[in-house]
Amino acid sequence: MSLTVICPSCGASLRVKDELLGRNIRCAKCDTVIKVEDKPPVVEATPEERNAAQPTRKSATPRRRDDESRERPAKKKKSSMGLIIGLVVGLGVCCCGGGVAIYFIAMPETNPKLTPENVGKVKTGMTLAEVEAIIDKGKPATLGDVRDTFDRELSGMYAGSRGAHDSGVLQGLVYRWKNGSDTSLIILLTASPSSGGKVKNLLFTEKKGTATTTIGASSN
């Protein structure tokens with residue numbers, strides 16, 4: 001079972017579990033602390049609403065409250081659409097504090113072209129444009145991208161090139177590709193793409209369960 005609580009500050013309609021009856025929660029829209037009761041608190045009318053309702057003062061308040069209960073949820077849903085772009089929004093009730101919280105989880109980056117078969121076609125001496133023609137457009141790598149890719153390579157066979165990749169990140173010479181959180185490719189170029197830089201070093205790692213696929217190459 002659930003109860004409907006109307007925020008007395010912003011008028012937002014919140015649905016909470018009935019076991020929170022008598023406890024305080026926090027409005028997800030304006031952070032106002034609200035006590036959960038059997039009947040929602042009456043939302044005070046603004047001066048403009050009171051002036052507009054003067055000809056029918058006796059029946060204005062019930063009708064306005066009914067109208068808000070139908071219209072406000074739709075308005076809240078519309079405003080939430082902008083927040084869902086690139087994010088997954090979860091709305092839950094915190095059992096410990098009795099508050100309402102919103103959680104945002106970033107969508108994982110995907111690239112269906114980033115497969116061991118396609119990475120096997122990438123060779124040292126290629127330009128960035130030639131690589132992107134095979135596995136789609138890359139992005140400048142961060143030190144975190146280098147760390148994640150090397151951390152999946154457990155044999156240590158390619159550990160010697162990690163320092164070169166770290167230095168290349170600071171110079172803007174390392175590009176990366178991702179497919180989910182456990183598959184990535186990093187490529188170190190000899191120079192910037194605009195200066196004709198070509199693939200000098202690459203490392204691809206993909207973890208599936210307990211198995212890890214590694215593909216590495218170096219022009220040295």
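Visitor: How many salt bridges does the count come to?

Guide: The count comes to six, where a salt bridge is a side-chain nitrogen of Lys or Arg within 4 Å of a carboxyl oxygen of Asp or Glu. This is a predicted model, in which local features need pLDDT of at least 70 and side-chain atom pairs count only at pLDDT 80 or more, while totals for chains, interfaces and linings use all residues. Residues are numbered from 1 along each chain as its sequence is written, and side-chain values use heavy atoms, with hydrogens and water left out.

Visitor: Which residues are linked in a network of salt bridges?

Guide: The network links Glu109, Lys139, Asp145, Arg176 and Lys178. Within it, Glu109 pairs with Lys139 at 4.0 Å, N to O, and Glu109 also meets Arg176 at 2.8 Å, N to O.

Visitor: Where do Glu109 and Arg176 lie?

Guide: Glu109 is in the loop between E6 and H3, whereas Arg176 is in strand E8 (residues 174-178), 67 residues apart; helices (H or I, at least four residues) and strands (E, at least two) are DSSP runs, numbered from the N terminus.

Visitor: Let's switch to Asp148; which side chain does it meet in a salt bridge?

Guide: Asp148 meets Arg147, at 3.2 Å, N to O. Asp148 counts as partly exposed at 30% relative accessibility, and Arg147 counts as partly exposed at 41%.

Visitor: What about Asn111, which residues does it touch?

Guide: Not counting residues up to four places away in sequence, Asn111 touches Ile135, Asp136, Trp177, Lys178 and Asn179, a contact being heavy atoms within 4.5 Å. Asn111 is found in the loop between E6 and H3, and at 6% relative accessibility it counts as buried.

Visitor: Now for confidence: what pLDDT does the chain average?

Guide: The protein chain averages 79, and 68% of the residues score at least 70, pLDDT being the predictor's confidence in each residue, from 0 to 100. Over residues 91-104 the pLDDT is below 50, although this stretch has 37 contacts in the model beyond near neighbours in sequence.

Visitor: How should I read a stretch like that?

Guide: Where pLDDT is low, the predicted coordinates should not be read in detail.

Terms used:
Buried means under 20% relative accessible area, exposed over 50%, partly exposed in between (1.4 Å probe, protein chains only).
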